[in-house]
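Subject: The structure, and some notes on it

Hello,

Here is the structure I promised to pass on. Have a look at it first, and then read on for my notes.

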Amino acid sequence: MKRATTEQLRTFFASLQTEFDVYVPVKLHDGTRVLGSLSEGPLALEGGKIPQKPTSVFFPQFDKVFVVDEQSKFQMAGPVAKPIMVVGFTAQDLDCLEFIDKFFSENYRDDIYFNKRDGSVVVGVSGRCGKDGEFMKIAGGKCDIELIYDGERFVVQAYTDKGRQLSERLVAPDSEAPAGLMDALSRESDALPTDDEDTIDKASDLIRAGKVPEDFWDDIASRCIACTSCNLACPTCTCFEVYDRKQNGKMVRQRIWDSCQLDGFMREASGHNPSGRQMQRTHRRIHHKLAADVERWGHKTCMVCGRCDDVCPTEIGMKSVCKMIVERFS
Amino acid sequence: MSVITKPLRRETEHLYLPIPCKIVSVRDLTPMEKLFRIQMPDGQELGHKPGQFIQLSILGYGEAPISVASSPTRRGYFELGVRNAGTLTGALHHLSEGDEVGIRGPFGTFFDVEKLAGKDLLLISGGCGLAPMRSLIQYCQDRPEEFGKITILYGAKTPSERLFKEDLVDWARSPAFACKYAVDCVPGDGCFDEGEIGLITVLIPPLKIDVQKTIAVIVGPPVMYKFVIAELKKKGMTEEQIIVSLERYMKCGVGKCGHCAIEHLYCCLDGPVFWLNQISGLRGAI
C-alpha cells in the first residue's frame with residue numbers, strides 16, 4: 001500500500017487531467033477551500049470537509065435539460081466528453097453520494113445526472129486531516145480510492161479495479177505504508193465519538209413515534225429566515241425547478257436547485273399550497289430526512305455531514321434541531 | 001385489496017425529452033377552460049390508463065402536469081381539459097388546431113379498472129376534477145358490462161362554470177349511468193334545472209348505496225375531499241373503498257424534482273391516484 005505526500009498527489013492528479021475532468025479541493029486567494037481545478041489554487045486536502053457539497057459535481061446548481069436551436073432541433077446533453085474525477089469526499093459525503101445514486105437511478109433513471117456520474121472516479125479523504133487536525137472517519141469503501149492521512153502522508157487505499165489501476169500510476173518512491181499503520185488508523189477511526197449520529201437517530205425515533213408536538217415546529221419555524229442555505233448545502237437535497245429561457249437565439253430548458261423552505265415550493269396554479277406556512281416547511285425539512293425517507297428508502301437521508309448546521313444563520317440546522325428534540329422529548 | 005398501483009412507463013433514452021405532438025382540435029368548455037384534442041406522431045397511441053397524467057411542454061414557457069381527460073378506449077387521440085391558470089396554460093390557450101406541443105408520459109398511477117371490475121362505482125368530482133374523472137367515465141361508458149351500477153356526481157360553482165356540459169347531458173341520458181349534478185349557486189336571474197343548488201355534499205345523503213359492493217372515486221379541488229369523505233363514511237363506507245386523485249405542483253413527473261412529496265410518497269410516482277387508506281394520516285395529503 002502506497003503513501004504519498006500532498007505534492008506527489010498533486011503531480012498524480014495533474015497527470016490525469018488529460019483523461020479526466022479533475023476536481024480537487026483547492027485553496028483560493030481568500031483562503032476559501034472549494035472544489036476546483038488544480039489551476040485555481042494549491043491542493044488543499046487537509047482542513048476537513050469541503051464547505052461546498054461535493055455531490056454538486058454530479059448534480060450542479062444549474063444544469064441544461066436540453067437546447068432547441070434556431071432550426072427547432074433538440075440537442076440533449078450526452079455523456080460528458082471526459083469522465084469526471086472528484087477528490088475530497090468524506091465518509092459522510094460518500095454515504096450521501098450512495099443515496100443520491102440510488103435516488104436518481106430508481107423508478108426512472110435520470111440521464112442528466114448519470115451523464116456525469118457514469119464513468120466517474122470518486123476519491124475519498126479521511127484520517128488526520130480534519131479541521132485543526134481532527135481525525136476524519138475512514139469510509140472503508142463506497143469510493144474508488146481513499147486517501148487516509150496519517151499525519152505525514154496519505155495512505156492510498158484503492159477499493160475498485162479502476163481505483164487500483166489508477167493508483168498504480170501514482171509515483172511515490174519508498175512509500176510503502178509500515179506494517180500496522182492501517183490497523184492503527186482504523187482503530188482511531190472506530191474510536192471516534194458518535195454523539196451526533198446518536199442524537200440524530202434518537203430524534204428520528206421520536207419524530208416517527210409522534211413524540212414531537214406541533215408547537216415545537218412552530219417554535220423552530222419562527223427562527224427560520226428562509227435563506228435556503230440548509231438545502232443548498234445539503235448533499236442529499238435533490239429538489240429542482242425547471243424553467244425555459246432564451247439564449248443567443250436558442251431556447252434552453254434548465255434545471256436549478258430548488259428549496260422546500262420557500263413559500264412557493266409547492267404552490268399550485270390554483271393557489272392551493274400544501275406548504276404555505278413556515279411551520280409546514282420547517283417540519284418538512286427535518287421530517288423528510290429523518291422520517292419520510294425512512295419509510296421510503298429504509299434509512300435516514302441525513303448522513304450527519306453537518307453542513308446545514310455550519311451555514312444556518314439562526315442555528316436551526318439538523319444537529320441543532322435534533323439536539324433540542326432529544327433534550328425536550330426523550 | 002392491494003393499495004399500490006404500479007405506474008405505467010414509457011422508457012426513453014432521455015427522460016426529460018418531450019415528444020412533439022399535434023393539436024388536432026380546440027374547443028371552449030367555459031370562458032376559462034378549453035379542451036385540446038392531441039395526436040401522437042406516426043399514429044402512435046399515448047398508451048395511458050384512466051387517471052394518468054402527462055407533462056405538457058410549450059417551448060419557452062416550460063412544462064406542467066395535466067391529467068388526461070379521455071379514455072384509452074377512444075383511440076387515435078387523447079384529450080386535455082385545461083384551465084387558463086398559469087404561464088404555461090395561458091400560452092396553451094393561445095394555441096390552435098395544427099400547433100405543436102411537447103408531451104412526456106403517461107405518468108403516475110391510474111384508476112385500476114381491473115380492481116374496479118364488478119363493483120358499483122360512485123364517481124364524485126368537483127370543478128376541474130371532472131377532467132381526469134372523464135377518462136374513467138368514458139371508459140365505463142365504452143365498457144359498462146365490466147362494472148355494476150355507476151353513479152356520477154358532479155358539482156361546480158355555477159352552471160356556466162361546469163365543464164363538459166354536452167357530456168353531462170349525454171351521461172344523464174345514458175342507461176349506463178345514474179347522474180346527479182349540483183351547483184353552489186346560480187348568479188343573477190339564471191336558473192339551474194339539471195340538479196340541486198348547493199355543495200356537492202348535498203347529493204350524497206339521498207343516495208342508496210350497496211356499501212359492500214361500492215367503490216367511491218373522488219377528484220376535485222382540495223377543499224372538497226374531507227367533506228365528501230365525511231359524507232361517505234356516514235354511509236358506512238371505509239377508507240379501503242375510497243379512491244382519490246390528488247393534484248400537486250410538479251416539475252418532472254418522475255419522482256425527482258421533489259415538489260409533489262406527501263411525506264414519503266410522491267404524487268407523481270405513487271399517485272396521483274391513491275386509495276384513501278394509503279394517504280390518510282399523512283400531513284398535508286388532504
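Why is strand E2 (residues 33–39) of chain B largely enclosed by the rest of the structure? Because five of its seven residues are buried. Before I go further, please keep in mind that this is a predicted model.

**The strands of chain B**

E2(B) has a partner in E1(B), with which it pairs in the antiparallel sense over six bridges. If you want a spot to check on screen, look for Arg27(B), which stands opposite Leu35(B) in E2(B).

E2(B) also runs antiparallel to strand E5 (residues 78–83) of chain B, and six bridges join these two. Here Arg37(B) stands opposite Glu79(B) in E5(B).

Strand E1 (residues 19–28) of chain B has a further antiparallel pairing, with E6(B), over four bridges. Pro20(B) is found opposite Gly102(B) in E6(B). E6(B) in turn pairs with strand E3 (residues 53–58) of chain B, again in the antiparallel sense and over four bridges. In that pairing, Gln55(B) has Arg104(B) of E6(B) as its bridge partner. Strand E6 (residues 100–107) of chain B is largely enclosed by the rest of the structure too, because six of its eight residues are buried.

**A helix pair in chain A**

Over in chain A, helix H6 (residues 195–208) packs against helix H11 (residues 318–329) at an angle of about 60°, and their axes are 8 Å apart. That angle makes H6(A) oblique to H11(A). The crossing of H6(A) past H11(A) is left-handed.

From H6(A), the residues in the contact include Ile200(A), Ala203(A) and Leu206(A), while H11(A) brings, among others, Cys322(A), Val326(A) and Phe329(A). By class, the residues of this contact are eight nonpolar, one polar and four charged.

**Where the chains meet**

How many residues does the contact take from chain A and from chain B? It takes 37 residues from chain A and 28 residues from chain B. On the side of chain A that touches chain B, the elements that each supply at least two residues are strand E4 (62–68), strand E5 (74–76), helix H3 (111–117), strand E10 (240–247) and helix H9 (278–297). That side of chain A has 19 nonpolar, seven polar and eleven charged residues.

Best wishes

Definitions and conventions: Residues numbered from 1 in each chain as written. Chains lettered and ligands numbered in written order. Predicted model: local features only at pLDDT ≥ 70, side-chain atom pairs only at ≥ 80, totals over all residues. Axes fitted to C-alpha atoms, helices over the stretch in contact; angles between N-to-C directions. Parallel < 35°, antiparallel > 145°, perpendicular 65-115°, else oblique. Left-handed = near helix turned anticlockwise from the far one by under 90°. Contact = placed C-beta atoms within 7 Å. Nonpolar A, V, L, I, M, F, W, Y, C, P; charged D, E, K, R; others polar. Buried ≥ 20, exposed ≤ 12 C-beta atoms within 10 Å, placed from the backbone. Pairing = 2+ DSSP bridges.
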